[in-house]
Amino acid sequence: MTTIDTHSEPVTDTPPGLMRRIIRQRQAKIGLVLTGIVVLVAIVGPLLLPWLTGYTSTEFAGRPFQPGGMFGTDNLGRDILSRFLDGGLTLLVYAALATALGMLLGTVAGMLAAYQGGTLDSIIMRGNDVLLALPQLVFALLAITVLGPQGWVVVLVIGITHAPRIARVTRAAASAVITEDFIRASEMYAVPRWKILLKDVLPNITGPLMVELGLRMTYSIAAIASLSFLGLGMQPPTADWGLMINENRIALTLQPWGVILPVLAIAILTVGSNLITDAVARASATVEESK
Amino acid sequence: MAIGVGALLTACGGTAVAQLPALTGPPQRGGILRVGLVGGGAADTLDAHIPVSTTDIARVVNLYEALLYRDENFDLKPLLALSATPSLDSKTWTVRLRQGVTFHNGHLMTSRDVAATFARIMDPENPKSGASSLTILDEVVVLDDYLLEFRLNTPTATFDDSLGQYSLGIVPKDYDPLHPIGTGPFRYDSFTAGRRSVFTRNDNYWQDNEPHLDELRILNFSDDNALINALLATQVDAIGQVPLALLEVLETDPRVDILNSETGMWLPFTMRVDRAPFDDVRVRQAFRLVVDREEMVEQVLSGHGTVGNDMYALYDPGYAENLPQRVQDIDRAKELLAEAGYPDGLDVELVTAPIQAGAVEAAQVFAQQALAAGINVTIRRVDTTTFFGDDYLQWDFSQDFWYTRNFLPQVDNGSLPTSPYNETHWDNPRFIELVNEAKSTIDPTRRNELITEAQTIEYEEGGHIIWGHPNQADAYQRYVGGLVPTGTGLPLSGFEFRRVWMGGQN
């Protein structure tokens with residue numbers, strides 16, 4: 001329950017106990033464990049090389065598709081385990097950056113549209129509709145073909161294509177908040193607009209935004225892995241899960257680990273983050289109900 | 001040789017599965033051969049003169065025959081012609097035809113059919129695939145039923161090489177691709193583009209006892225996985241173009257034999273000699289010296305290939321085989337780069353695409369090897385359509401792919417300012433002079449000397465990094481007989497299924 005304290009700055013509390021409500025759900029725990037495992041592998045993995053496997057991710061361990069080592073060698077004779085351990089971090093970092101960028105752009109645009117209304121609202125939301133009409137992956141393919149497959153392009157493109165979806169959710173959530181009396185009160189005290197948006201509006205829409213964050217994170221992972229698979233994300237010889245799947249799929253029936261490991265990791269990661277997102281959605285829904 | 005090594009490896013692997021004995025004895029008559037190939041699609045054709053995909057080539061080789069052909073040793077042999085001889089100035093070539101050869105419709109093949117065939121191929125309104133290599137041909141003159149003259153506008157001592165292309169199959173005067181009639185060992189039965197073709201035995205075939213098969217089926221597959229699975233499930237009897245990295249795994253299957261053919265194919269890196277940094281010959285030499293060719297063949301081709309020496313036309317009698325094999329020399333490469341003004345190394349972008357098995361892989365191995373000499377290679381992987389799009393032949397540093405050819409036809413295709421595919425923009429006056437002289441030299445010894453000299457220039461200064469020659473690998477069930485390794489680069493004994501027979505259970 002949000003209250004207005006007329007003696008000081010408006011209270012900026014997140015709905016009490018949201019975190020606890022999330023953690024209390026069993027699927028959130030499962031989700032956290034699953035995601036945690038993959039994130040841990042991705043972060044710690046590169047540090048273990050070449051100590052653990054004897055090879056770096058770009059060194060040649062033997063001929064291609066040989067059974068040596070724990071999971072054999074890949075299409076170029078590199079150690080699959082080394083490639084796997086080294087291949088998750090860039091994916092995670094890029095996905096996180098793209099999601100953060102999308103959240104930032106989308107939230108700002110959505111809140112501005114909701115708060116200002118009028119012409120600005122129309123411009124932002126119609127612009128949104130135009131961007132939404134473009135399929136995300138097609139837009140990404142186009143941008144990368146034109147600008148080249150650098151990391152920042154991938155992050156930028158995925159981030160920008162996330163923004164309109166986030167902006168819609170933000171606008172809807174914020175529209176409900178800005179009609180509240182405490183916003184009017186802040187306005188009467190001539191609090192700057194950016195402060196109102198940041199301190200009054202934003203804390204009251206964290207629930208839906210958290211759900212959106214989780215969803216977009218999942219989509220980012222999938223999009224970046226897909227782009228790498230298509231050869232437009234990470235460029236060889238960088239180790240990357242999406243790329244690994246593409247490189248090794250010709251030997252799927254004969255030497256499948258090069259495909260199975262990254263597929264498993266991406267699957268676990270997306271399922272895990274989906275479970276968490278789901279838990280967040282439920283938790284914030286119960287907060288809404290209790291209001 | 002390569003098969004021997006493979007068998008040895010299989011034996012060492014210790015798989016205790018009983019191997020079927022290899023086929024021995026004389027060829028048996030009868031049976032159906034099912035061949036699986038990747039490639040082909042809705043644009044597949046039965047037209048004798050516009051084969052594009054691998055499956056198209058497999059079809060034309062079996063339905064039609066050219067005047068000459070390249071056998072498994074890459075020697076030029078007569079097929080429908082008995083002989084092809086040049087005049088003293090090598091501007092007129094006289095071709096004597098084989099007598100008594102009939103088309104699938106029962107008509108005798110004569111000079112008039114041959115003349116009509118070449119008229120069809122070089123139709124100015126609608127030139128066929130072979131036309132680009134026949135621009136030197138002015139007219140085909142019929143002297144009698146089995147004697148023709150090919151009159152050229154430029155002296156060409158190796159015109160017979162051009163006549164040996166599979167896309168120059170002889171067809172009847174009234175040829176209609178909807179009723180694909182040729183002189184080949186198999187006759188057309190049914191065809192669905194992108195799916196399957198069924199051909200039956202030509203009982204009137206002119207070569208003794210051939211073909212051995214009753215029926216030939218060519219089946220299209222969309223990817224290598226499906227292809228290999230079809231072989232392992234005995235849905236097909238033979239498959240062409242197996243990825244080299246999967247050979248050893250396939251070899252462990254006791255029912256399957258591998259056809260591992262050394263070829264003169266090449267998968268070069270191409271440096272544009274007219275653009276910085278590669279306009280400096282020292283940079284090109286340095287780049288050639290950073291390559292560990294043995295490692296390239298090991299990692300990219302799984303060892304199934306031969307090391308290259310920066311020269312193409314491996315099987316040309318004039319091939320400069322006396323030049324020393326170039327080996328990795330990082331120190332010398334660094335020196336050359338320093339002399340060229342890059343004492344701290346340099347950054348280059350290498351444009352690659354999956355244009356052929358091993359291309360993207362080779363780019364990665366090169367990037368890894370070049371690091372030692374301070375060369376930072378950024379790989380830019382594009383899709384095949386982009387690669388062969390507007391920027392094809394314009395990239396500063398890229399790759400390409402070529403099948404086996406002899407020196408002069410290859411030069412026409414890729415190493416002259418007038419060539420359609422001169423990726424390196426190679427334009428060397430002395431080289432051009434030597435090539436032109438070689439083309440009009442009838443004496444083979446002298447011609448070979450000129451070719452060697454021209455190759456030496458490319459070996460020293462050229463823009464190609466030719467690190468190796470991939471093998472062509474196919475796989476087939478052990479009950480299939482008659483397949484032999486071939487140097488042409490075409491899969492499955494150059495698709496010459498007339499020699500193939502089914503043993504054992506069939």
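Helix H4 of chain A is followed by Gly117(A), whose phi is positive, near 65°. This is a predicted model, in which local features need pLDDT of at least 70, side-chain atom pairs count only at pLDDT 80 or more, and totals for chains, interfaces and linings use all residues. Residues are numbered from 1 along each chain as its sequence is written, while chains are lettered from A and ligands numbered from 1 in the order in which they are written.

Helices (H or I, at least four residues) and strands (E, at least two) are DSSP runs, numbered from the N terminus. Helix H4 of chain A covers residues 89-116, which makes 28 residues. Its first and last C-alpha atoms are 40 Å apart, close to the 40 Å expected at 1.5 Å a residue. The expected span of a helix is 1.5 Å times one less than its number of residues.

The rest of chain A is built from helices too: there are twelve helices and zero strands. The C-alpha trace of chain A spans about 75 × 45 × 30 Å along its principal axes. Of its 291 residues, 48% count as buried. A residue is buried if 20 or more other C-beta atoms lie within 10 Å of its own, exposed if 12 or fewer, and partly exposed in between, with C-beta atoms placed from the backbone. One residue of the middle class is Gly127(A), found in helix H5 (residues 118-133) of chain A. Gly127(A) counts as partly exposed because it has 15 C-beta neighbours inside 10 Å. Between Gly127(A) and Pro164(A) there are 37 residues of separation in sequence, yet their C-alpha atoms are 8.3 Å apart in space.

How confident is the predictor in chain A? The average pLDDT (the predictor's confidence in each residue, from 0 to 100) is 85, and 92% of the residues score at least 70. Within chain A, confidence is lowest in helix H1 (residues 18-24), with a mean of 80, and highest in helix H2 (residues 26-44), at 93. Over residues 1-6 of chain A the pLDDT is below 50, and this stretch has ten contacts in the model beyond near neighbours in sequence. Two residues are in contact if their C-beta atoms, placed from the backbone, lie within 7 Å. Where pLDDT is low, the predicted coordinates should not be read in detail.

Chain A touches chain B, and the contact takes 19 residues from chain A and 22 residues from chain B. On the chain A side, these residues divide into ten nonpolar, eight polar and one charged. Here Ala, Val, Leu, Ile, Met, Phe, Trp, Tyr, Cys and Pro count as nonpolar, Asp, Glu, Lys and Arg as charged, and the others, Gly among them, as polar.

Chain B has both kinds of element, with 15 helices and 22 strands. Its C-alpha trace spans about 70 × 65 × 40 Å along its principal axes. Of the 506 residues of chain B, 52% count as buried. Among the contacts in chain B with a separation of 6 or more, 72% are between residues 24 or more positions apart.

Seven strands of chain B form an open sheet with mixed pairing, in the order E8-E9-E10-E1-E11-E20-E12. Two strands pair if DSSP finds at least two bridges between them. Strands E8 (186-192) and E12 (256-261) of chain B are the edges, each pairing on one side only. Inside the sheet, strand E1 (residues 32-38) of chain B pairs with strand E10 (residues 215-221) of chain B in the parallel sense over seven bridges. Leu33(B) has Leu216(B) in E10(B) as its bridge partner.

Strand E7 (residues 147-152) of chain B has two pairings to follow. Strand E5 (residues 92-97) of chain B pairs with E7(B) in the antiparallel sense over five bridges, and Arg96(B) stands opposite Leu147(B). Strand E6 (residues 137-144) of chain B also runs antiparallel to E7(B), joined by six bridges. In this pair Val140(B) stands opposite Phe150(B), and a hairpin of two residues joins E6(B) to E7(B). Which face of E7(B) is covered? Leu148(B), Phe150(B) and Leu152(B) form the covered face, whereas Leu147(B), Glu149(B) and Arg151(B) form the uncovered one.

Finally, consider helix H10 (residues 359-370) of chain B. At 1.5 Å a residue its twelve residues should span 16 Å, and its end C-alpha atoms are 16 Å apart, which agrees. H10(B) is mostly covered, with eleven of its twelve residues buried. Among the buried residues are Val360(B), Glu361(B) and Phe366(B). The buried residues of H10(B) pack against several elements of chain B, including helix H8 (293-301), strand E15 (346-352) and strand E16 (375-381).
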